[in-house]
Amino acid sequence: MVIEIDFNSDEALYLQLRNQIILGIATSQFHEGDSLPSVRQLADSIGINMHTVNKAYTVLKQEGYVKVDRRRGAVVAIDVDRIRTLAELKKELQVILAKSSCKNISKEEIHELIEEIYDSYTIETEGE
């Protein structure tokens with residue numbers, strides 16, 4: 001996966017990195033059990049500080065996307081706690097939908113966007 005960081009963005013570098021990795025998982029560029037590059041390797045390849053990569057990995061671990069293995073480093077380990085994830089998603093969507101409502105974006109337009117984005121992800125379901 002090619003990770004692209006926008007150094008001119010107002011978004012923090014560690015959040016950009018976190019988001020790129022989450023998108024990589026959602027689009028099956030990273031799979032359950034895959035090792036992510038070491039902190040040093042990723043920092044060198046992107047041209048950012050190792051502490052920034054470490055912070056992104058820490059956030060990913062806290063959010064249930066990776067676990068840290070002493071031998072393999074950061075490993076993709078998707079959190080299966082659906083109830084917690086749904087609650088977090090609901091909070092985030094409330095703000096997004098409020099913004100959309102303020103800008104007169106219709107429910108139908110939101111549904112179309114969701115379908116378009118969701119269809120771009122390859123999601124493996126249990127039992128496959």
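**A quick tour of the model**

Start by selecting helix α2: on one side of it, Arg-40, Gln-41, Asp-44 and Ser-45 are exposed (over 50% relative accessible area). This is a predicted model, where local features need pLDDT of at least 70 and side-chain atom pairs count only at pLDDT 80 or more, while totals for chains, interfaces and linings use all residues. Residues are numbered from 1 along each chain as its sequence is written, and side-chain values use heavy atoms, with hydrogens and water left out.

Stay on α2 (residues 39-46) and pick Leu-42, Ala-43 and Ile-46, which are buried (under 20%; partly exposed is in between, with a 1.4 Å probe and protein chains only). They sit on the same side of α2 because they cover an arc of only 100° around the axis, going by directions from the helix axis to the C-beta atoms. Helices here are DSSP runs (H or I, at least four residues), and strands are too (E, at least two), numbered from the N terminus.

Next, show the side chains of Glu-63 and Arg-18: what do they meet in? A salt bridge, at 2.8 Å, N to O (the cut-off is a side-chain nitrogen of Lys or Arg within 4 Å of a carboxyl oxygen of Asp or Glu). Glu-63 is in the loop between α3 (50-62) and β1 (66-69), and Arg-18 is in helix α1 (residues 13-26), 45 residues apart. Arg-18 is buried at 17%, whereas Glu-63 is partly exposed at 28%.

Last stop: select Glu-115 in helix α5 (residues 107-119). Glu-115 is partly exposed, with a relative accessible area of 49%.
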